[in-house]
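Student: Could you take me through how to read a structure like this one, beginning with the whole chain and then turning to particular sites?

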Amino acid sequence: MTITRSKQEWQALDGQHHLHPFTDFKEMAEKGSRIITRAEGAYLWDADGNKILDGMAGLWCMNIGYGRKEIADVAYKQMLELPYYNNFFQTAHPPAIELSKALAEVAPAGFEHVFFTGSGSEANDTVIRMVWRYWQLLDQPQRRVIISRKNGYHGSTLGGASLSGMKVVHEQMGKLVPDIVHINQPYWFGEGADMSPEEFGLARARELRAKIEEIGADQVAAFIAEPIQGAGGVIIPPESYWPEIQKICDEYGILLIADEVISGFGRTGKWFGSDYYGIKPDLIPVAKGITSGYVPLGGVLVGERVGKVLCADGGEFYHGFTYSGHPVACAVALENLRILKEEKLIERIDTDLGPYFKEKLGSLQAHPIVGEVRTLGMFGAIEMVADKTSRQRFPSERHAGLVCREHCFNNGLVMRGVGDTMIIAPPFILSHAQVDELVEKAWRCLDLTAASLKA
Ligand SMILES: Cc1ncc(COP(=O)(O)O)c(C=O)c1O
């Protein structure tokens, strides 16, 4: 962008005109926002010239790293050739067609179709519409209930926020989209008490069966979950969880939806979290990593079971967005897939970067305020506690996560705080030296957090 101003001018204008997502407007206007002006590789620079290691890949999306000229070139070329046309009313364009084919090649077996959206939230709204449509076409329109999970995150549109299990969000909404209910999450560290992780995973999965029985199996349409909860605090379920969920979905014939907006496109070290866990979902909402965040794009990957019914003699599906399959976004996604494949970034997570990240981040377990470190692929979580053995938390009014997040920003690292859990999801292009840098900075920020909380 060619406009330049001082940081103070930007902060003032930002406070006057810009309402940020998930932000306390009053607090931000008083403090002044943090202005990020440029980025390269795994680093951001703020308006004061500080260099910051981005441990969150933007918002779980900047997987191939910032500043890729190849992506910019493709977008530029596509903007000159066909900057926009829609895919409504039996029209299509090459970028959307080519990307549909490319997605079918990397998606789990049987996923031959995709419905494009502009974001992960729109993808989940599409999921709701598609699930209801599927059961209507099968003459079971009473099957409407979608079971989701507390503390899951599926977006911020009415549908996405209703599927999500965020209490504070639901309180502001008052009422949810009807026919969406929630069961408990498989958060062993936070809620597992004295159970072993395996026992707890089974117990939480079996809540799905209990909920189906309570509602009546013939009323239940689907179960939706993230393979690994991201925004809820990088909650990696016990090994026993997903096989049991799959078994219950199969037994009752309900659709299984794996929300892979974060776990899709390599973060687990496999193309999809469903591949990692060996589960067989029917629908896979995606976004973020599909373009590595360079431009907005989302979609729903549609498996054989639903695809067959929708594409048979079902008539028109009255659903779509102006930007469903935007040509520039599709061209960028194709280039992103090329980079992921040619640079073997996903294999590298599986065999090299992921294990190194696990070992190094795991060393934080020795820190006096760390109760647990979890990693899987390029997902990481650090649980901060006042007492390591009892897992007792800091008093909630001390806001340990926010305190740590501020120390991180001020010391050249982005980590996000979810309650007292610090979460990490770095870009896939991190070098070993950058993993070391991340862990060293994290240790220092945990020290500073411990000192602040004591003060
Ligand atoms: C699992 C999951 N689903 C859906 C969404 C919503 O995506 P978007 O913010 O692109 O609407 C997110 C966003 O973080 C997510 O993590």
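The dialogue below goes from the overall fold to one residue and then to the ligand.

Tutor: This is a predicted model, in which local features need pLDDT of at least 70 and side-chain atom pairs count only at pLDDT 80 or more, while totals for chains, interfaces and linings use all residues. Residues are numbered from 1 along each chain as its sequence is written, and side-chain values use heavy atoms, with hydrogens and water left out.

Student: How many helices and strands are there in the chain?

Tutor: Helices (H or I, at least four residues) and strands (E, at least two) are DSSP runs, numbered from the N terminus. The chain has 17 helices and 15 strands.

Student: What does the radius of gyration of the chain agree with?

Tutor: The radius of gyration is taken over C-alpha atoms, and the globule rule is 2.2 Å times the number of residues to the power 0.38. For 455 residues a compact globule would have a value near 23 Å, and the 22 Å of the chain agrees with that. The C-alpha trace spans about 65 × 60 × 45 Å along its principal axes.

Student: Where is S33 placed, and is S33 buried or exposed?

Tutor: Buried means under 20% relative accessible area, exposed over 50%, and partly exposed in between, with a 1.4 Å probe and protein chains only. S33 lies in the loop between α2 (25–31) and β1 (36–40), and with a relative accessible area of 8% S33 is buried.

Student: Which residues is S33 in contact with, leaving aside its neighbours within four places in sequence?

Tutor: Contact means heavy atoms within 4.5 Å, and by that criterion the partners of S33, apart from those neighbours, are Q11, D14, H20 and M28. A polar contact is a pair of N or O atoms within 3.5 Å; within protein, one must be able to donate a hydrogen and the other to accept it, and residues adjacent in sequence count only if both atoms are side-chain atoms. The side chains of S33 and D14 are joined by a polar contact of 2.5 Å.

Student: Which residues are around the ligand?

Tutor: A residue is near a molecule if one of its heavy atoms lies within 4 Å of it. The residues around the ligand include S119, G120, Y153, H154 and E226. A polar side-chain atom of S121 is 2.5 Å from an oxygen atom of the ligand, whereas an N or O atom in the side chain of D259 lies 2.8 Å from a ligand nitrogen atom.
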